[in-house]
Amino acid sequence: MTFPTATAPLPKALKANRESHDTDPDLHLLVRWRCSEMACRDKFIEQVGRRFQILAVYTCDWSPENWAWNLARFYGGRSMVGTTKLREIGFSPFLAVIVRDDAPIYGPVQALGGNVDVANRNIIDFKFHLRLEASANFCHSTSSRSEFLMQSTLLLGLEEASRLQHISDWDGAVSMLRGDIEGAESWECFERMVGYLNRTCRWLVLRNFENLPDSLTEENDLDVLTDDMELFSAIAGLVPRSGGLGHYTASISGEQISIDVRCLGDGYYPTLWEVDLLETRTWCDNAIPKPEPVHHFFSLLYHARLQKPSMSDRYVTVLTDLALQIRFDDVAEETLRDDVRSASILSGFMKSRLYPVTRPVDYGVFWNRRFQRLLSGFEMVSPRVLRKRRVLCFMRRWLPNWVYQVVPYRLRVTIKTKLNH
């Protein structure tokens with residue numbers, strides 16, 4: 001059995017996380033924290049202007065009550081900002097300079113957090129030069145295209161950040177930006193949040209996206225997939241809620257919307273499948289990213305069968321319509337309701353894509369053990385299973401051959417099956 005495939009080109013405006021170091025221009029953001037005095041501002045602008053082409057300069061002032069939250073979102077997550085850093089640079093106006101590097105040099109660089117990323121060495125060296133000169137950690141810079149898109153969009157806003165691509169030279173003016181990062185307290189509407197997310201990270205809505213944003217209510221959860229949970233939650237301004245890993249709340253138009261964030265490696269889907277879902281995503285008419293139709297069908301079947309106690313009528317209707325859309329003629333309502341037949345279809349698809357069955361790390365997700373046993377050729381690799389397999393290997397190695405002749409065949413098969421599950 002073969003399955004149809006379809007891919008959609010990634011829109012140019014949404015290639016935020018695709019590093020493209022040969023693009024023209026190569027833009028970056030330089031920030032001088034605690035720079036409210038005129039002399040400090042002029043000196044920093046002069047230092048930057050001697051090394052790079054300045055395109056725009058801003059003086060930024062966040063509200064004291066949201067300063068820590070703005071800084072955490074700016075750096076891409078709460079874990080990126082400690083209390084020491086906040087005391088060093090916080091609660092004071094700062095200077096933001098947009099520059100263009102006409103001769104960028106990219107190479108692997110290990111950040112202070114330990115991650116090794118491909119970054120602009122010119123920007124990195126210049127930042128550390130300023131830090132040594134000032135004997136303090138008062139300077140920040142972006143080092144890659146994706147980081148620039150993320151931080152410039154959050155700091156300047158969607159409209160101003162988009163305008164930077166069309167500026168060729170600085171006009172000498174210093175613009176004043178007062179106010180918090182958009183969404184600090186509440187998003188004006190769902191479309192604004194989607195605009196920021198599309199420009200700054202890879203994500204998609206897993207299901208029930210057909211009627212968004214009209215279907216957004218406090219009673220309905222929004223299920224999304226991303227490659228970086230902390231970055232996504234920071235950009236969207238999400239607040240953790242009880243219920244399990246990846247459970248958040250967003251304030252949109254004055255309502256508290258529950259959002260369940262799934263990410264690479266969390267076991268909600270096999271990691272390879274999660275990568276394919278993000279790589280092949282398509283877009284609704286209102287720019288909301290969604291799964292490609294084939295992946296939408298099988299990921300929804302996986303969810304409805306393995307992560308629910310039973311197949312609901314609503315999922316049967318949606319899956320039947322999707323089967324017609326992707327021309328999967330082997331699927332009918334009776335097939336979807338039958339455990340063995342639906343398990344056979346799901347197993348066939350996962351085998352063809354080399355997807356294993358993985359149990360979610362989130363303890364709040366239901367797991368249908370009965371249906372999982374019907375999937376052929378896949379076993380969850382867990383410490384419990386590995387321990388049982390070690391016992392089986394020990395028995396095979398040390399028990400004499402006559403034991404296998406004495407023990408009935410059916411009993412041997414039963415023992416082997418129990419030790420492998």
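**Entry 1: helix and sheet**

Which helix lies across β8, β9 and β12, and at about what angle to β9 does it run? I found helix α9, residues 271-279, lying across these three strands and running at about 95° to β9. I worked on a predicted model, where local features need pLDDT of at least 70, side-chain atom pairs count only at pLDDT 80 or more, and totals for chains, interfaces and linings use all residues. Residues are numbered from 1 along each chain as its sequence is written, and side-chain values use heavy atoms, with hydrogens and water left out.

My terms: helices (H or I, at least four residues) and strands (E, at least two) are DSSP runs numbered from the N terminus. Axes are lines fitted to C-alpha atoms, for helices over the stretch in contact, with angles from 0 to 180 degrees between N-to-C directions. Contact means heavy atoms within 4.5 Å.

I traced the sheet next. It is open, has five strands with mixed pairing, and reads β8-β9-β12-β11-β10. β8 (203-205) and β10 (239-240) are at the edges with a single partner strand each, so one side of each lacks a neighbour in the sheet. Two strands pair if DSSP finds at least two bridges between them. β9 and β12 run parallel and are joined by five bridges. I checked V224: its bridge partner in β12 is V261.

**Entry 2: second largest pocket**

I looked up the pocket next. On a 1 Å grid over the protein atoms alone, a pocket is an open set of points with protein on both sides within 12 Å along at least five of seven lines; a cavity is a set where a 1.4 Å probe fits but cannot get out; lining residues have an atom within 4 Å of a point. Points join across faces, edges and corners, and a volume is the space filled by probe spheres set on them.

The second largest pocket has a volume of about 430 Å³. I listed 24 lining residues, with R207, N208, D221, D223 and Y315 nearest the centre. β9 (222-226), β12 (255-263) and α11 (313-325) each supply at least two residues of this lining.

**Entry 3: cavities**

How many cavities of 30 Å³ or more does the structure hold? I noted two. The largest cavity has about 40 Å³ of space. Its lining includes V261, the bridge partner of V224. M229, L245 and R262 are also among the lining residues.

The second largest cavity has about 30 Å³. P25, D26, L27, Y106, R145 and F148 line it.
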